[in-house]
Every structure is written in C-alpha cells, then in structure tokens.
Amino acid sequence: MGAVAMDSDWLVFDPHPSKPTFVLPPGSVDAHCHVFGPGDQFPYAPERKYTPCDAGKDQLFALRDHLNFENNVIVQATCHGSNNGAMLDAVASAKGRARGVATIRPDTSAAELDEMHEIGVRAVRFNYVRRLVDPEPDEYYYRIVEKIAPLGWHVVVYFEAADLAERWGFFTSLNTVVVVDHMGRPDVSRAVDGPEFSLFLRLLREHENFWSKVTCPERISISGPPDFRDVVPFARRVIGDFPDRVLWGTDWPHPNLKGFMPDDGLLVDFIPQIATTEEQQRKLLVDNPKRLYWKDA
Ligand code: 0GY
C-alpha cells in the first residue's frame, strides 16, 4: 500500500504473467516500461492526473527476469511529474542493466543533468497527451533541448495521431534523435494507407532522426486481445519500412488501461506477429535499443 490510494477504477498489473513461448533473442531490451513509487517512498506529484497502484523496481526486475529480458529502458511516468526520484533509483539499482528517460524542466541545472547521465539517463520525454499533462508552448521544449544537447541525449515524444499535423513543424525542427511512443497512437479502425497513418509514415521516411516504438497493442487495439488483429498491419508496416529505427517494450505496469489488463507473457508472444523474421526481431529487441541507449557501454 502506498501513501495515497490508487484511483478507484485503476487496473493493477497482472501479478502472475505467463512464461512466453516466443524465445527472445539474447540481450533483448524492454525499451518502454515504468516504475510507480512506491508512493510512501517516492510520492506521486501533486499535479498528476492519475494515481496508480504502486509498481516498484523489484517488481519490474522480477518481470524482466521472468520474461527473459536482459535490460530495461525506464520511462518517467507523468504521475511522478518532473521528480525523477523513483525512476533514477530504479536505474541506479539495475547496475547498468537499465537506462532512463527523464522528465525535466527548463530550469533543471546542468549539474542535475550530469548526475542523471551518470546514473544512466539518455533521453527526455515530451508528453502531449492531454489526459496526462497540460502541454507547454514550444519555447519550453526548445529550452530543454538546448540543455540536453551537450549530453547527446535524445527526445521521446508521446502524442495522439490527430495531433501530429499540428506538431509537425516543431517535431521536424528537432535535430536530436526523436523516438515516437506507440506509433503515434494510430486510430486502427482507419486504413494503414489512409491519410492519418500515411502522415506518420512520412515523418519517419522524410526525417531519418525519427524512430518509433511499436508498442502497446493492448492500448491501441479496438479488436482486442488475445491477437490484437487490427494493430498487426500498422506495426508490420513500421517495422518493415524502418527496421533499424524501431523499439519494443511491455509498457508495464500499463497505466490507465480500462477494461482489461494484459498478460505480459502474451505480449511477448505477440512480437513475432509484427516482427516476422529473425533479423527484424534481433534489430527490434537487441541491436536498435543497444545502439540508442548503450552506445557508450
Ligand atoms: C504509457 C502510456 C500512458 C501513460 C504514461 O507517463 C504516463 O503517465 O505514459 C497512457 O496513459 O497512455 O506509455 O505508459
């Protein structure tokens, strides 16, 4: 139990996920996951838009070992605001087996950033999903980009498909690597070749600094589990067209899901549905995340 009660409709992660039947390539990275609290040790941010269940580093590392991942990339969750304490503690405790993606502010000092880098942070996240945060003006994010440039960090962006056109000018002005969460949250009831997803594919095609996480079928799918049929053509297209710029992650502990909680073992078993060759799987799970997050290891 944390210091505060989780939201009354909060769905808790599956405490006993199945063992995947898909054998992950050695050295695989879960490149999108979070830690929540525990709240009595790492309080949730006053400005948060949800209060989750506690999901701490020990549970994350147990999942990593159960699923047979070697590494994690731990992404600061919005319920912790710009206090990166829980994420940094988890990355530090992983002793080189985790990297972090932080939320920082323009007034975060260079000394704080150096310390984060030393612990294992390699990116910042800009979140534009309004049910999670109130987005700031572009100027705010440009100041952050200036701050992280000397460290060689990249930017992770989370937005919904309908917002891409509006953000296009800002996104394409960034000269760092930019990783898009969850394929830019496509509406999978629309056509893969339709205007909405074509704009996202164009972003990746015309801007070689853009990468995509092919994550969260459980969040994006309308047809639902266990086979997330409607997500498959979208993820296959991204992996097929940009095999060297894709990442995969569990998104454990799956914040804000409504209706059902996925079995993380079955999420791993979904990977060969979207990365259909051994080469694609190795790039997605090992080569790409290692190149981006462990280049200096
Ligand atoms: C995700 C998705 C969500 C939440 C967050 O930081 C967060 O709070 O990323 C969401 O609710 O869609 O990537 O975990």
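This is a predicted model: local features need pLDDT of at least 70, side-chain atom pairs count only at pLDDT 80 or more; totals for chains, interfaces and linings use all residues.
**Notebook: a ligand and its surroundings**

**Entry 1: who surrounds the ligand?**
I listed the neighbours next. There are 15 residues around the ligand, and the ones that come nearest are His34, Tyr50, Thr78, Arg131 and Tyr158.

Which side chains place an N or O atom by an oxygen atom of the ligand? For histidine 32, the side-chain N or O atom is 2.8 Å from a ligand oxygen. For arginine 131 I found 2.7 Å between such a side-chain atom and an oxygen of the ligand. For tyrosine 158 the corresponding distance to a ligand oxygen is 2.6 Å. I also checked how much of the ligand the protein covers: taken alone, the ligand exposes 340 Å², and the protein buries 100% of that.

**Entry 2: aromatic rings**
How many aromatic pairs are there? My count came to 17 aromatic pairs. I picked out one of them, tyrosine 142 with phenylalanine 170. Their ring centres are 4.9 Å apart and the planes meet at 70°; an angle over 60 degrees counts as edge-to-face, so this pair is edge-to-face. Tyrosine 142 belongs to helix α4 (residues 138-148) and phenylalanine 170 to helix α5 (residues 164-173), so the pair ties together parts that are 28 residues apart in sequence.

- Glycine 37 and proline 38 are joined by a cis peptide bond, with omega about 5°. I located proline 38 in the loop between β1 (29-33) and α1 (57-67).
- Tryptophan 252 and proline 253 are also joined by a cis peptide bond, with omega about 0°. Proline 253 sits in the loop between β8 (246-247) and α9 (264-274).
- Asparagine 68 is not a glycine, yet I found a positive phi of about 80° for it. I traced asparagine 68 to the loop between α1 and β2 (71-75).

Methods:
Residues are numbered from 1 along each chain as its sequence is written. Side-chain values use heavy atoms; hydrogens and water are left out. A residue is near a molecule or strand if one of its heavy atoms lies within 4 Å of it. A polar contact is a pair of N or O atoms within 3.5 Å; within protein, one must be able to donate a hydrogen and the other to accept it, and residues adjacent in sequence count only if both atoms are side-chain atoms. Accessible areas come from the Shrake-Rupley method with a 1.4 Å probe; for residues, only the protein chains shown count as cover. Rings of Phe, Tyr and Trp (its six-membered ring) pair if their centres lie within 6.5 Å; planes under 30 degrees apart count as stacked, over 60 as edge-to-face and the rest as tilted. Helices (H or I, at least four residues) and strands (E, at least two) are DSSP runs, numbered from the N terminus.
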